[in-house]
Amino acid sequence: MAALRGVAFATSPERVEVKFFSENISTRLIKPSFVCVKRKSAFSYRRQVWKTKCSLSRKAVPPLESAENARSALTDYLEEESGHVIRFSMSDFKLLNRVSIGLGGRADEVVYEGIVKDSSSPLYKTRVVLRQFLSSQAQRRGKRAIEVLKKLVRRRLLYHSYSMQVHGYIYSPASSGRGLFTLVHGYHGSFSLRHWLQQSDWLPTLEATLALDEESVRRVGDDTIGGPAVSRQLRIIRILMRDLLIGVNYLHSHGLAHTELRLENVHISPVDRHVKVGILGNAADFYEDGPNSNALDTCIDRRQMMIAFDMRCVGFMMAKMVLQELMDPAIFTRFKSFLVKGNDPSCLREFLLRILRRNSPSGSAGLQILDRNWGAGWNLLSLLLANKPSKRISCLDALRHPFLCGPRWRVVPSMNIIRWGLGSTAVRIAEEYIYSRPQRNRLAYFVELMEMLNPHSRPKSWLEFLPGKWRLLYCTGRHIGLTLRQPSARVLIGDVNLTVSRASNLNTSLSFTSDIGFTVMMGHDWPHDKTGITGKLEVDSVFRLTSGRRLYLKEEKSAGRFSFGQSNNFDSLFQKLSARKWRKAIPFKEFPSSLPVAKLASNDIEVTMNLGATLDQTVATAKNIIKEVRTQIPPEMFDLSKLVCGTYVDSRLLVLRGVNGSALLFTRSCVDETL
């Protein structure tokens, strides 16, 4: 940033002339994407104000103006441009014995608490916070906060409800060097939201601070006060997130982006029970040269990028509020690294599942909150943290999201939400691993629904989504459970993955690799000791991707022939789709006789097996191990040529159909290999 060397003013009854002298320009910044935002927005806004009020002159100002005149002119400017705030002196306050470093541990800010002791002041006996800015960059933040307040003061009620109130400032000119600038803003308790979440008893204390009454409960659609800890935490998160989004949307609607949304910059007022967005010292304008600039496309791109940056910050705040484990810097660093590497945020659940369950043997309350309501929390989190700025959700759409609307609110879900809910529910059922007949029927029903709502049926879309690593969750075919059989080799199956890679961008050939991890238990104490020799079975094949149709067949009892139409297996599914619950969601008025699919044509396959240690057995033992692995896994994973088509794909789920009609449900694997 440019360090201000001096400010020269030349005033007269008719004009005001201003000139800046700068030196020591440095490009070393923490947020390089907003280098121009912070610098240009502050000074361009000042130039606009001076143009409208004083008709800025082009005449050059001599650079040898005295420092005393410059300080006097700067004081006059603050008083003129900040008529909506009060100029205090340090003698107006009784300072309390509470001093701390500024927000986020900034060394260039010192924070005091004080009480106004001037009886003539409208803030008499009011507790305030004095934020003294030491460096020139910090002082620019303080003065920028006053400028932003002037833009927002027209709707003062909303500003005071959702932003930290600025009462005024203290400017003490120094005889030599830079003067001291202190911002006087409202006191909303000594805790920021980060400090709240770090308390061991934060949930009951915050409930008492917010004084949850019937009206507050009705706002989030929950008619129970108290209840399980998960329900109580979800209710608090809904209140905090809705207040935060309303405040951020208020800034965006006035052409401003906060650019520094963090838990440290958010406070909760016990007076009006609202979330207060912190000091707007780094707020940036959407339009550098005003909204009427000729470069309309540039303004639109700038506005979209800045809103997207704020929404990503809101996503990080939501993740920390829900998943308390992310307050640990080590875990949060891995969380951010996952996103920086370009992984899709919709796969966050698969990535965090092992990390959070390892650190919390009893289970994570945050995972339960995000899994509720058909996984709506994961959907909102993925929309807030989307890799492409154009894909991130806006404040208004986030306020209408099912995760932030209670069960009593009538929210019409979009088709994307319906697809997300179907996939999330199928994953949850598969993870329970109790495959009784009702559970198998329900899983098959959800897979059929997902296939009918497949958003990417063209092979061109499959070439985009299919490459990657997929973990097998469930197969609708044969299941090997607890039996009394005595296998020739004791084998414990681990993860079963399917890795798809594209050989070239010029053709539609895809390389499929099925790797099956397992453990061979050689001892007699295998029911209690699961250790043994680890191994991996790999199957490689090359597929060619084309378009195709999946036909539904039925057997006519009279002629004994096959004809196209609805099979008896789908009669019950069609009845469910015709019910009131799914009538508006399914885009078909009649059950279709066929659906588009991605057809998979396989070439030769190659099978290899690797063991972590040498078997002191015969070749027959190795054959028995392969036989047992083939018995426990779906046959399509051992013989890839039995995969005939793909019926559903998106950024996180995949459904492939085998030659015998069984469906294999996969989830995209984004597990950190360093675990």
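**Exercise 1. In this predicted model, determine which residue of strand 6 stands opposite Val110, and describe how strand 6 is placed between its partners.**

Step 1. The residue that stands opposite Val110 is Gln132 in strand 6.

Step 2. The pairing behind this position is that of strand 5 (residues 109–116) with strand 6, two strands that run antiparallel and are joined by seven bridges.

Step 3. Strand 6 is also joined to strand 8 (residues 180–186), again in the antiparallel sense, by six bridges, and here Val129 stands opposite His185 in strand 8.

Step 4. As for covering, strand 6 (residues 127–133) has six of its seven residues buried.

**Exercise 2. Work out which strands form the closed barrel, and which helices lie across its strands.**

Step 1. The closed barrel consists of eight strands in the order 13-14-15-16-19-20-21-22, with antiparallel pairing, and neighbouring strands of this sheet are turned by 35° against each other on average when direction is ignored.

Step 2. One of the pairings is that of strand 21 (residues 653–658) with strand 22 (residues 663–668), which takes place over five bridges, and Val655 has Leu665 in strand 22 as its bridge partner.

Step 3. Helix 15 (residues 437–452) lies across several strands, including strand 13, strand 16 and strand 21, and runs at about 105° to strand 21.

Step 4. Helix 19 (residues 619–632) lies across strand 14, strand 15, strand 16 and strand 19, and runs at about 75° to strand 14.

**Exercise 3. Identify the salt-bridge partners of Arg550, and decide whether Arg550 is buried or exposed.**

Step 1. The side chain of Arg550 meets that of Glu448 in a salt bridge with an N to O distance of 3.5 Å; because Glu448 lies in helix 15 and Arg550 in strand 16, the pair ties together parts that are 102 residues apart in sequence.

Step 2. Buried means under 20% relative accessible area, so Arg550 at 14% counts as buried, as do Glu448 at 11% and Glu451 at 4%.

**Exercise 4. Explain why the salt bridge between Asp495 and Arg354 ties together parts that are apart in sequence.**

Step 1. The two side chains meet at 2.6 Å, N to O.

Step 2. Asp495 lies in strand 14 and Arg354 in helix 11 (residues 348–359), so the parts tied together are 141 residues apart in sequence.

Step 3. Asp495 is partly exposed at 34% relative accessibility, and Arg354 is partly exposed at 37%.

How values were computed: Residues are numbered from 1 along each chain as its sequence is written. This is a predicted model: local features need pLDDT of at least 70, side-chain atom pairs count only at pLDDT 80 or more; totals for chains, interfaces and linings use all residues. Side-chain values use heavy atoms; hydrogens and water are left out. Buried means under 20% relative accessible area, exposed over 50%, partly exposed in between (1.4 Å probe, protein chains only). Helices (H or I, at least four residues) and strands (E, at least two) are DSSP runs, numbered from the N terminus. Two strands pair if DSSP finds at least two bridges between them. Axes are lines fitted to C-alpha atoms, for helices over the stretch in contact, and angles run from 0 to 180 degrees between N-to-C directions. Contact means heavy atoms within 4.5 Å. A salt bridge is a side-chain nitrogen of Lys or Arg within 4 Å of a carboxyl oxygen of Asp or Glu.
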